[in-house]
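Take a moment to look over the chain before reading on. We will walk through it one region at a time.

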Amino acid sequence: MNEEPKKKLQSEKPKRNKKKKTPSNKEFARVTYLFVIIFLAMMGYLVYFNAVKSKDIINSSYNVRLDSMADRVVRGQILDSAGNVLAKTEVGEDGSEKRVYPYGSLYSHVVGYDTHGKAGLESQENFSLLTSHAFFMERILKEVREEKNIGDNVITTLNTSLQEAAYNALGDYKGAVIVMEASTGKILSMVSKPDFNPNKVAANWEKISNSENSVLLNRATQGAYAPGSVFKLVTALSYMRENADYANYNYNCEGEITYEETTIHCAKGNVHGEIGLKESLAHSCNASFCNIGLTLNIPKYRDTAKDLLFDAKLPSVLPYTKSKFQLTENAKSYEIMMTAMGQGETQVSPYHMALMTCAIANGGILMEPYLVDEIVNYTGTSVEKNMPQKYATLMSSEEASQLKEYMQAVTEYGTASSLSGNGYTVAGKTGTAEYSSDKEKVHSWFVGFTNVDNPELVISVVIESADSSGMKAVSVAKKVFNAYY
Ligand SMILES: [Zn+2]
């Protein structure tokens, strides 16, 4: 920063020389002092602004300071990873400004909106969008002329073709899809439905803010769903931790299990016969997992869940709902059985399940998830670049590779076998979660990752009120993968 003004001062000399009048040394010194004073004042102001006015305060949607920033800076753009514009401000000849979202509802929740409060990246990146890192002299000149400076642009990690694939695959269903990159933590796609058109938020505010479908809720991060059989990954891990000889686990599934007056059936009337832990997961055998659950030490079960970020803060740039694991030591046997197979009181967000799957794909290590790749000034000069970094180790690499092997069985011969033979490999876990007495309607889940030997895409899909086959989420994941590969 110190270099820039010096260069600029030097570049002023030839300009002045062009003028007929030759300035005296005194005059020249005066001009130089003036620049030095302006420079120091600007520097002081910038340091004060960055140090004292923290981003968090300024990012708050209702902070009055925003208005004064917006009075001096034209809000910057939000871009996808390829440079496509997701949000921009159009300035009319009369100086009026209009925020425009060229992709309409495709990015409604993740990019958000900038009226009636703010949401999504429009809220989280408000500070950057209203801060100008345009060239120093340009900024000073505009300040002096009382013209608006141009705010910085936010380049996201979002991939528009993946976003479109996920958006179209979800169709008219309510639910969410998240796609991440396992090795970096980049969020490539985030879709939540029902959606809204961010270009018409002001006009439709009454309708969308009072919608009984909670249109404004970002189901990807804020949804709270029963995890269904996806939770069997947690149960399996807890069993592995308590039983070094878990590879010898054996259970004879007769299609149902009865314990203390509670009977649980396997899905679709299946009878799985003699199975180990791997087949129990591959076929999502309810009886076997109820059996496993009843053997678990509940505090240790809870510790495993905690290690996987249940009841914990999540690394997230967007508002989210914490996942809940409610089993206590006094739990009744039916509560334990229900919990072990992902029913009961347990609740998760699709985002949390994506993070857990990322860790399994990435040898137990969860990379810090991120949505903003880089902040650049309006001419494209870099201001700040985010690099992938480790967030936490959720499980050992041995545990991760064991779960990975089990999840591969799910797609090879288990409940998600429709994902095999498509020219790419997938490891995953399906889930169907009952949420009402109507057994014909379930929430359909799928979590998984592609290119199993060197994981690439991690996906988490939930579809509300899907048919009882539970396969809807698998077909959505398949469409996204097919679009990518
Ligand atoms: Zn079974």
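In which loop does Glu-261 lie? Glu-261 sits in the loop between β10 (256–259) and β11. Keep in mind that this is a predicted model. Glu-261 is not a glycine, yet its phi is positive, about 70°. Its surface tells us more. The relative accessible area of Glu-261 is 80%, so this residue counts as exposed; the cut-off for exposed is over 50%.

Now move to the metal. A zinc ion is held by four protein donors: Cys-253 (SG), Cys-266 (SG), His-272 (ND1) and Cys-285 (SG). These donors lie 2.1 to 2.3 Å from the zinc ion. Along the chain, their spacing reads C-x12-C-x5-H-x12-C.

What is the geometry of the zinc site? The site is tetrahedral, with angles of 107 to 114° among the 4 donor atoms. For comparison, the ideal angle for four tetrahedral donors is 109.5 degrees.

Buried means under 20%.

Next, find helix α9 (residues 160–170). Of its 11 residues, 8 are buried, so the helix is largely enclosed by the rest of the structure. The buried residues include Thr-160, Leu-162, Gln-163 and Tyr-167. What do the buried residues of α9 pack against? Their partners are the strands β3 (85–91), β7 (175–181), β8 (187–193) and β19 (457–467), along with the helices α5 (108–111) and α19 (472–484).

Start with β8. Pro-194 lies in the loop between β8 and α10 (205–209). The peptide bond from Lys-193 to Pro-194 is cis, and its omega is near 5°.

Then turn to β19. Ser-465 is found in this strand. Ser-465 is a residue other than glycine, but its phi is positive, near 50°. Ser-465 counts as partly exposed because its relative accessibility is 32%.

Conventions. Residues numbered from 1 in each chain as written. Predicted model: local features only at pLDDT ≥ 70, side-chain atom pairs only at ≥ 80, totals over all residues. Heavy atoms only, no water. Donors = N, O, S within 2.8 Å, 3.2 Å for Na, K, Ca; no water. Tetrahedral: all angles 85-135°; square planar, octahedral: opposite > 155°, others 65-115°. Buried < 20%, exposed > 50% of the residue type's maximum accessible area, 1.4 Å probe, protein only. Helix = DSSP H or I, 4+ residues; strand = E, 2+ residues; numbered from the N terminus. Contact = heavy atoms within 4.5 Å.
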